[in-house]
Amino acid sequence: MKQGFRQSMAWLHTWSGLVVGWVLFAVFVTGTASYYRAEISRWMQPELKREAQVTPEALAAAADLAVVHLQTHAGAARTWFVTLPTPERPLVELFWRNKPGTPPGHVLLDPQTGAPAAMRATRGGDFFYRFHFELNLAPLWGRWIVGICAMVMLVALVSGVITHRRIFADFFTLRRDKAAQRGWLDAHNVSGVLALPFHLMITYTGVVTLALMYMPWGVTAAYKGDQFAYFAETGQITKARPAAGQPGTLAPVGPMVGRALATIPEPLERLTIVNPRDANSTVVAVFEEPHGLSHEHPQVAFAGTSGDVVEVLSGGLKPAAKTFTTMVGLHEAHFAGAALRVLFFLCGLMGCAMVGSGLVLWTVARLPKAGVATGFGWRLVHALNLGTIAGLPAGIAAYFLANRLLPLDLGARAEREVWVFFGAWLAVALVGLWPAPRRAWRGALALVAALFVAVVIVDVATARALWDDPAWFLGFDAALLALAAGFALVSHKVARFAAPRRMRRVMEAPAAAPQMGRA
Amino acid sequence: MTLLVSLGVSFLGFAALCLSMARHHQAVWSGPPDRHRTLTLRAAGWGLIALSLAAAIRFDGWNVGPVDWLGSLIGAGLLLIVVQSYRPRALLWMTPVAAAIALVAALGSLV
Amino acid sequence: MTRAPTLQVRAAVAGRVVLAAGGGYAVAGLATALLSLTLPMPRAEAVTTATLLSFAVMVGIVVVVFAARSLGRAAAIIGGLALVLGVALWFVTGSLSIGSSPIGPSP
């Protein structure tokens, strides 16, 4: 590497971007979808009827029903999590953490009856949300892989800015001439530079959301590794109350909910009940963030057996802690209203476009000269590019289709939806092995567009009778149609861009050998 | 609706900056801009971008305002880039429309 | 980028990747531990500040490793930094008993 600073940064940008590009594309796509996580969940459970409002009395009653269910079904659990009904999602969601080695439990209840809610089983938008940082792997593995890729992404962003000579001169430039490489380079530059503040913010804050997992050494040095003590001292969680080791009886939680609601003016989000059958049990009421960027949930902690308030957390974070919670808040964008959320979504799409166009650019820039066969490396990158860029969206469309088409009483229905997601992804990825790259791109992208259209048709055909708010569901379907149109457009453009006339003969030449009887 | 103000103003700002460059100026009018015109457009562009920041902070405060501003810069920039590379002459009617939208939204938010 | 890089070039690139990842993480980890104990602010604030900065430190180290004129030079810079931070941390904690602090591959 005996070259100038800029060349070494260009090298670094090319290769760091390539090796993590496929994972990053998946992280960007599912992260962008997660801006509409709640909407996706609602669309995927059309049986759910929204309510005008949920009164404090109804909240208290729902909490009591939840505890009854947990006492019967999760008595031995270490911690219970109760998400309370909201007008948008009038359900009680229970989650409980068992002793290490036993998988956690999860159930949705009807807040009026306390019986399991009668709805199709699905992971909804939560699947994309978790995939975004765990890749559907074991959490530890997934989080480390995504974290490492995010760090490499930061390196790629910084080296990309250093490499790009004409940031200001080319700021508005999207050349439409016939040279494929320049077209892809412009697309990569525009999507990267224009949304650069977003890309830097989202990548850095993304790493920060799991900062203590990736970089625990500050807590190791100053707190002997006790993360709970650290978080409690920063004022982000209530102080831990260790178990007494003696059995105790949980007092009714309904009155605690009432007191918590009287203390904090925000909507109540969930209850966390730690060591529910211990004499030193703790009930924490966690509220939604007040308006503002900071991801800062007000909390009220009760002694579980007596129902007395032991701690109230509401604002008052010190500057560094405030910076931390603001970074997490910026990443999650819960503060964003409908209009700003659209802009965040657009920025996320530009992130997908930046990663995708960068990956494609690698192959376009390395197209072999006329008459020379493509090497193994080129074919591998091409296959992975197509498998990721077209395969993942196809998987998403198939996941939506499965949600509407799988029988409602199918066993393990939610898991089967996920199988369909991966099955469709894999099937489209195999298209990447098709020996004519340009045709493979066109076909795969057109297939994605067709799948999204199919989702809308199937939704209207099968779920129309369930819609509680037809305009909302039609709006969601319209967004899917817009996505389909986008993929159709790209499929059309690829015809020109991925292999312009000069290249066409070349790219199909190697196809002739292994492919027999090709029309 | 306050987001429309900073969106409209930053669209105008980016349009002015874009048209101050010879290549993009030529796509709309015949020939490159003279020096005076370049400087005027450039000053107007930066001024409008500053104005959109001021508007975002005026309407949404110091907390969310800067985020709104960056979001609207990116959104307006994307629209501008697509328009000027596919239909550059559409800028001739889009800029007055953007100005009108920003003005109406600003008046609506102030009332 | 030559079309067929020699073994030597490949080894140098691999060396830089290992140095950037291992050395970068070691320096960032040591800096985080040191700043957590020394920044003049309440303990929780110091830990938060140090942790938030650590990722920028790591990115900076990676850029330095790949920008350095030779692998040896990069290794010297990172090794020197890690040594300085390690010694400072040793003075601050009074001993090396922070056994679990990150000791990356020492170049």
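**Before the views.** Helices (H or I, at least four residues) and strands (E, at least two) are DSSP runs, numbered from the N terminus. This is a predicted model, where local features need pLDDT of at least 70, side-chain atom pairs count only at pLDDT 80 or more, and totals for chains, interfaces and linings use all residues. Residues are numbered from 1 along each chain as its sequence is written, while chains are lettered from A and ligands numbered from 1 in the order in which they are written.

View 1. Of the 107 residues in chain C, 41% are buried (20 or more other C-beta atoms within 10 Å of the residue's own, with C-beta atoms placed from the backbone). Take the contacts in chain C (C-beta atoms, placed from the backbone, within 7 Å) between residues at least 6 apart in sequence: 75% of them join residues at least 24 apart.

**View 2. Here chain A meets chain C.** Each chain puts 31 residues into this contact. On the chain A side, several helices supply at least two residues each, including H1 (5-34), H5 (139-163) and H12 (319-332). Which helix gives the most? That's H9(A), with 6 residues. Sorted by class, this side of chain A has 23 nonpolar, 6 polar and 2 charged residues. For the classes, Ala, Val, Leu, Ile, Met, Phe, Trp, Tyr, Cys and Pro count as nonpolar, Asp, Glu, Lys and Arg as charged, and the others, Gly among them, as polar.

**View 3. Here chain B meets chain A.** This time 18 residues of chain B touch 17 residues of chain A. Helices H1 (2-19) and H3 (35-86) of chain B each bring at least two residues to the chain B side, and H3(B) has the largest share, 15 residues. That side of chain B splits into 9 nonpolar, 8 polar and 1 charged.

**View 4. Chain A carries an open sheet.** Look for 7 antiparallel strands in the order S3-S2-S1-S4-S5-S6-S7; strands pair if DSSP finds at least two bridges between them. S3 (105-109) and S7 (309-313) of chain A sit at the edges with a single partner strand each, so one side of each has no neighbour in the sheet. On average, neighbouring strands are turned by 15° against each other, direction ignored. Zoom in on S2 (92-97) and S3 of chain A: 5 bridges join these antiparallel strands, and Leu94(A) has Val107(A) in S3(A) as its bridge partner.

View 5. Helix H11 (253-263) of chain A touches S4, S5, S6 and S7, and makes about 40° with S5(A). Axes here are lines fitted to C-alpha atoms, for helices over the stretch in contact, with angles from 0 to 180 degrees between N-to-C directions.

**View 6. Some stretches are annotated as "transmembrane region".** In an unreviewed entry, UniProt gives this label to residues 38-57, 69-86 and 92-110 of chain B; positions follow the numbering used here, feature names are shortened, and annotations may be inferred rather than shown by experiment. Residues 38-57 of chain B are 100% helix, with end C-alpha atoms 29 Å apart. Residues 69-86 of chain B are also 100% helix, and their end C-alpha atoms lie 26 Å apart.

Conventions
Two residues are in contact if their C-beta atoms, placed from the backbone, lie within 7 Å. A residue is buried if 20 or more other C-beta atoms lie within 10 Å of its own, exposed if 12 or fewer, and partly exposed in between; C-beta atoms are placed from the backbone.
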